[in-house]
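Here's a walk through one model, going from a single pair of strands out to the chains. Keep the 3D view open and follow along.

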Amino acid sequence: MMKKIMRLITVCLMIIHISGCEKIIRERAEIEEHLFIRTVGLDKADHEDCVNMTIISKIVEAGATAEATRKQAYIVTEEGRTLFEANRKFNAVASKDVFWGHLQYIIIGEAAAKEGLSKYLDFIIRDHETRLTPNVLIVRGVTAREAIEKINTKEFIVSDRLKSLFENHDELSISEDMVLAEIIHLMDHDYTSVYIPCIQLVHRTPWEEIMEELGGKKEYDPMLAGYAVFKEGKLIGYLTEHLSRGLNWVNDKVEGGVIVVEDDRGNQISLEIIDAKVKKIPKIKEDNLSIIIEVEMSSNIVDYEGKEDIFKEEALKDLENKQEKVISEEIEKAIEYAKENGVDILGIGDAVFHKYPVEWNAYKDNWQEDAFKEVPIRVSVKSKINRSYVIKEAIGSQSGVKK
Amino acid sequence: MLAPDREKISLKQALFLFLTAVYTPAVRLAANYTAIEANHAGWLCPLASFPVLVILLWLIKSIYMKHKTASFSDLLNIILGKLAGKIVLMIYIVYITLLLALYVRYYAERLVTSTYPGIKIQLFMVVMLVMVAYILRKGIVIIARMNEIIIIFLTFVFFLLFIFLMPEIEINKLTPISYMDILPVMKGSLGITALWIYIFFIFIFSDRIMEKDKVMDKGLGISVFLLLVTLFLIISSIGSLGASIISRTPLSFYAAVRQVKAFGIFERLESILVTSWVISDFIIISVFTFIILEMVKGLFNLSHIKPLINIFILFIYVLSLYISKNIFELQTYSSAFAVPANIFFGFIFPLILLLIGKIRRKV
């Protein structure tokens, strides 16, 4: 009898546990009752010590055909003293339960970034639904809310546009996609400073202006605009274009891009970066620390506006030298910026720590403000031009024809 | 696979029970504890703990060599005498009961922390303890046989997760290693040793384990396997998220698995991990309950443990609820008390027992 009662109790408990009894298992919810957040915008609110949280979710209304299926963005902003408070307020306005498990992008407004990152990231790091995999980005000059509203179009919602933007980041190598875990890792160490990819809003489609005059919405494009640089967790400035590529060279994050050089006659040549490998080599000699940054890269000729034969050994060597000079300058400018601001965004401290873990003790205290600013850094670039593509000689050069 | 004697389990089954029992605390504690103590060098800690495990195997062999059919309580009586033996046994009962309450609470707290934040822990505890009470009536042989299947599942899940985590591992996060890491690694190894000593606890019901004379041979194989698994676990956790993040998360391996995005297709694999740790929790809670009841049986010279199961499970339920106010107290209890106490009860005391036994020529 006792056995039977025990079995009955076990089965009952299992039924409650597995299939759910809503009052006991509050977390249980049907999938259509969830509002999946793909992008969140975090801003400083107008009220003192308050924050704004903007969520955007894709709502798909299924139609009979693919054309009839409608995609729509659901954008809503809430203010709270903390992000969690703002988050809970969404439940008062949203018809569904906000679910953070699919978060892909965290956009932080400029004012919030200036106030400090920790305040805005803690909730997302701590919450059980979120992961450390969303991409983090700073939006330059505007609030996250403004950026989300302006980037969003009828055809593509913010997360789709950001996705394609970051998928193509290696085309120019002026930025990259950085996930939350990487940023926490940078924030955790005294000898590194945080840098986060930033975007800028650009308005460059005249047709949209016409549309606006006719009452349509003025649309903006998001553009990768380098990096936002932080000191002690607060935004201090931006690295744009060549400066940010300089940073990417040092951190071995250049995957592609264009280098434009000139031939002897001033004709421009576009060189496409094919591959690059960078080593940061710290050396300690007689208690003196120095760093060598060695870059090895290769490129292809993809565009030439002149008619000269630039494929001769001498001409190619000359182009390689010019290419090396461009890269050196980009790197040196990034080093100069980092040293001036006392922010080791170049991973120099990390390289020293890894090569000289024992000697590092002498440098680690106040590394960014003292030793890093003084350490001599030499840049050495070795480059190679591999090939051109389908056409070798330039148009009209006649050099390919035997006379 | 089934041991010839229907009341006994084979040595292999006992060692498998040990592996499964270690899995759940290892997933929670190993990477976190070693990252706190040894930072990026935490992955070296299991190597420092390994000799202790080998010594422990030798200890078990030495202690039980002369008394192959004796249980731990019999052995205490033989070596220390009846009174001292009973006192020591009582201390062991109290300590392992506290440990069991800790595991019951941790099991529920982990589910609430990671997956079901809005649910009362009592629900999970009741479900688990009812299942444990049910299975304990079937005896240790059934649990051991069930565990033979469970261990295959756990091994498969662990290596699957490790393979998916491999692309996330960065050597940079596991280096540099220098002589300055020796002391932190030794400190960190205490956390691993504190888990591995459970092998001694398994042998508390040694009268139910056959082929104890082969414990060195078979135990070494299991130890190497455990060493590799623990190494992989810590390497994949610290190597993917870095020591600074791992040292702050109470669910270190879980946090690392949440990062998995293999081939852009396989992600959100933590649900498999949650399943595996619940199964492992079930085994550790069942085995520890069985160990305690066996000791109680020895203490009061009882013939069966069955009548004690329900009342003891009820007691554990209440104790688990009141053992700490919150998870923070539980974690402090775990690292400040359970780690050193485990090492004492699982390694230092057996060593003392062997010494006394040798002096008194009882072992």
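## A sheet in chain A

Start with a bridge: A:Glu296 has A:Lys382 as its bridge partner in E14(A). This is a predicted model, by the way. The strands behind that pairing are E13 (residues 288–304) and E14 of chain A, which run parallel and share nine bridges. On another stretch of chain A, strand E11 (residues 258–262) pairs with E12(A) in the antiparallel sense, over five bridges. Here A:Ile259 sits opposite A:Leu271 of E12(A). The hairpin of E11(A) and E12(A) has five residues between its strands, and in it A:Gly266 takes a positive phi near 85 degrees.

Put together, four strands of chain A make an open sheet in the order E11-E12-E13-E14, with mixed pairing. At the edges are E11 and E14 (377–385) of chain A, each pairing on one side only. On average, neighbouring strands of this sheet are turned by 35 degrees against each other, direction ignored.

## Helices across the sheet

Which strands does helix H10 of chain A lie across? H10 (residues 313–341) lies across E11, E12, E13 and E14 of chain A, and runs at about 145 degrees to E14(A). Helix H11 (residues 348–355) of chain A lies across E12 and E13 of chain A, at about 45 degrees to E12(A).

Now zoom in on A:Pro282, which belongs to strand E12 (residues 268–285) of chain A. Is A:Pro282 buried or exposed? A:Pro282 counts as buried because 22 other C-beta atoms lie within 10 Å, and the cut-off for buried is 20 or more.

Leaving out residues up to four places away in sequence, A:Pro282 touches A:Leu289, A:Ile291, A:Ala351, A:Val352, A:Lys355 and A:Tyr356.

## Chain A as a whole

Chain A has 13 helices and 14 strands. Of its 403 residues, 35% count as buried. Look at contacts in chain A between residues at least 6 apart in sequence, and 71% of them join residues at least 24 apart.

Where they meet, 20 residues of domain 1 of chain A are in contact with 26 residues of domain 2 of chain A. On the domain 1 side, the elements giving two or more residues are strands E9 (221–231) and E10 (234–239) of chain A. E9(A) gives the most, with five residues. By class, that side of domain 1 has ten nonpolar, five polar and five charged residues.

## Where the chains meet

How many residues of chain A are in contact with chain B? The count is 21 residues of chain A against 24 residues of chain B. On the chain A side, helix H1 (2–19), helix H7 (180–188) and H11 of chain A each give two or more residues. H1(A) has the largest share, five residues. The chain A side divides into eleven nonpolar, six polar and four charged residues.

In soluble globular proteins, nonpolar side chains tend to be buried together. In this model, the largest nonpolar core holds 220 residues, and A:Ile196 and B:Val104 touch the most other members. Helix H1 (residues 11–38) of chain B gives the most to this core, with 18 residues. The core also draws at least three residues from each of domain 1 and domain 2 of chain A. Setting aside neighbours within four places in sequence, A:Ile196 is in contact with A:Val136, A:Leu137, A:Ile138, A:Met178, A:Ile183, A:Tyr227 and A:Ala228.

## B:Phe282

Over in chain B, B:Phe282 is in helix H12 (residues 270–299). B:Phe282 counts as buried because 21 C-beta neighbours lie inside 10 Å. Not counting residues up to four places away in sequence, B:Phe282 touches B:Met128, B:Met131 and B:Val132. B:Phe282 and B:Ala21 are 261 residues apart in sequence but 8.8 Å apart in space, C-alpha to C-alpha.

Notes: Residues numbered from 1 in each chain as written. Chains lettered and ligands numbered in written order. Predicted model: local features only at pLDDT ≥ 70, side-chain atom pairs only at ≥ 80, totals over all residues. Buried ≥ 20, exposed ≤ 12 C-beta atoms within 10 Å, placed from the backbone. Contact = placed C-beta atoms within 7 Å. Pairing = 2+ DSSP bridges. Axes fitted to C-alpha atoms, helices over the stretch in contact; angles between N-to-C directions. Nonpolar A, V, L, I, M, F, W, Y, C, P; charged D, E, K, R; others polar. Core = buried A, V, L, I, M, F, W, Y, C linked by C-beta atoms within 7 Å. Domains from an automatic or database assignment.
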